[in-house]
Amino acid sequence: MIKPFADDEAAVSIEDLYIENGTARVVISGSVEITRDSAGLERARVLKDLADHLVAALEAIEPQQAQPDERIASVDQVENPFA
Amino acid sequence: MLAAVLVTVASACSEGASQSAATPSPVAGSCITTYANGTRPVIADARRMAGTRMLCFRAFAVLHSGVTRTPLWVTERLTRVSVEAARALDTRDNRFHAEERLPTGERAELEDYRGSGFDRGHMAPSGDMGRPVDDYESFSLANMVPQDGSLNRGGWADLEGYVRDLAATLGEAYVVTGPAFSGATLRRLDGRVLVPSHVWKAVRVPGQGAGAWIAVNGPGSRWEVVSIATLAARVGVDPFPGLDHATRSRVPAFPTFGPTQNDGGDGE
């Protein structure tokens, strides 16, 4: 399981649900089926674990720290070397 | 023809044991097993071949460019067995990482993408990987391009699922995926990594046919379904050089996963 907001490189997936960690944001995309069986229970537990970790990490942030200190990578425009 | 083969395959309900992130040292796999007819993709333009290196992984192969700091093409061979194994790998735990086999002067680093607004878009998808070691390798930045987030998480993810369904249904598929760099100018991350104008994926099912998708790498991405001949002319990569003329020229009846060039208006 990821440590929410601890790094920019951890990723976890549950079936087709993808969770990417980030120091400023955690991105969750895709879909997952929770079947009414033991496999569904295992997936539900992983989802609960993720939600618990997210909430705990966010609750631990002091209000004055709540602004994400996201580094903004530069994006510039260059001539196409192949054109 | 591949035509309208879209079978919804029920998700395998596996016992989802949590996989811890493996950190193996990269081992050269056998690239050739991922090439259709044992023939690797061809790039005719010498400028595009400048500063490239081949990287073999266990489950896919990469031609990497030190000019773009991205792959130029990534090859995979999917089979019914490999797709079933990938579906059984229910929970994945992994880390994006720079490709240590590449010189620092040629490779992308995690910092290049951080806060850029672009996703690290897999070319060989994590969801195709049936073993933790293969899945770990798929998180190498040598297998990534800067990809629009809505495309990566939306239509492109749907396309990847479609190709897995195709391989599972028909038994075997060779898949080549890559970026296209067209237009007079390109965006660049961190002064280092070039952002592709488009991303594309070509599929060949032996004895059945072949075809490709091209999607604009931006919000509300436009999609096209094209023949292998058109793809090669448009993006400068011939994914299947051994393919006969008739099969190369045929436009497959593939679905698209977003608005097409002919659609009016905006939208997902």
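This is a predicted model: local features need pLDDT of at least 70, side-chain atom pairs count only at pLDDT 80 or more; totals for chains, interfaces and linings use all residues.
The model scores ipTM 0.89 and pTM 0.88. Chain B averages a pLDDT of 88, and 87% of its residues score at least 70.

Chain B holds eight helices and 12 strands. It has 268 residues, of which 56% count as buried.

Strand S10(B) is mostly covered, with eight of its eight residues buried. His198(B), Trp200(B), Ala202(B) and Arg204(B) point one way. Val199(B), Lys201(B), Val203(B) and Val205(B) point the other way. Residues on both faces are buried, including Arg204(B) and Lys201(B).

S10(B) pairs with S7(B) and with S11(B). Seven bridges join S7(B) to S10(B), and the two strands run antiparallel. Within this pairing, Pro179(B) has Val199(B) as its bridge partner in S10(B). Eight bridges join S10(B) to S11(B), again in an antiparallel arrangement. Here His198(B) stands opposite Val216(B). S10(B) and S11(B) form a hairpin with three residues between them. Gly207(B), in the turn, has a positive phi of about 80°.

The largest nonpolar core contains 32 residues. Val163(B), Val203(B), Trp213(B) and Trp223(B) touch the most other members. At least two residues of this core come from each of S3, helix H6 (155-170), strand S7 (172-180), strand S10 (198-205), strand S11 (209-216) and strand S12 (223-226) of chain B. H6(B) gives the largest share, seven residues. A second, separate core has 29 residues. Its members include Phe82(A), Trp200(B), Ala210(B) and Val226(B). In soluble globular proteins, nonpolar side chains tend to be buried together.

Leaving out residues up to four places away in sequence, Val203(B) touches Val163(B), Leu166(B), Ala173(B), Tyr174(B), Val175(B), Gly209(B), Ala210(B), Gly211(B), Trp213(B) and Phe240(B). Two of these residues, Val163(B) and Trp213(B), are named with Val203(B) among the members that touch the most others in the largest core.

Most residues other than glycine have a negative phi. Arg69(B) has a positive phi, near 55°. It sits in the loop between strand S2 (61-65) and strand S3 (70-79) of chain B. Arg69(B) is buried, at a relative accessible area of 11%. Asp190(B) also has a positive phi, about 60°, and is not a glycine. Its place is the loop between strand S8 (185-189) and strand S9 (193-194) of chain B. Asp190(B) counts as partly exposed because its relative accessibility is 21%, and the cut-off for buried is under 20%.

In chain A, Asn21(A) occupies the loop between strand S2 (16-20) and strand S3 (27-31). Asn21(A) is buried, with a relative accessible area of 4%. A polar contact of 3.5 Å joins its side chain to that of Asp7(A). Beyond four places away in sequence, Asn21(A) touches residues including Ile2(A), Lys3(A), Pro4(A), Phe5(A), Ala6(A), Asp7(A) and Asp8(A). The contacts of Asn21(A) also include Arg120(B).

Leu17(A) lies in strand S2 of chain A. At a relative accessible area of 10%, Leu17(A) is buried. With residues up to four places away in sequence set aside, Leu17(A) touches Val12(A), Ile28(A), Ser29(A), Gly30(A), Ser31(A), Val32(A) and Leu47(A). Leu17(A) and Leu47(A) are 30 residues apart in sequence. Their C-alpha atoms are 9.9 Å apart in space.

Notes: Residues are numbered from 1 along each chain as its sequence is written. Chains are lettered from A and ligands numbered from 1 in the order in which they are written. Side-chain values use heavy atoms; hydrogens and water are left out. Helices (H or I, at least four residues) and strands (E, at least two) are DSSP runs, numbered from the N terminus. Buried means under 20% relative accessible area, exposed over 50%, partly exposed in between (1.4 Å probe, protein chains only). A nonpolar core is a set of buried Ala, Val, Leu, Ile, Met, Phe, Trp, Tyr and Cys residues joined through side-chain atoms within 4.5 Å. Contact means heavy atoms within 4.5 Å. pLDDT is the predictor's confidence in each residue, from 0 to 100. A polar contact is a pair of N or O atoms within 3.5 Å; within protein, one must be able to donate a hydrogen and the other to accept it, and residues adjacent in sequence count only if both atoms are side-chain atoms. Two strands pair if DSSP finds at least two bridges between them.
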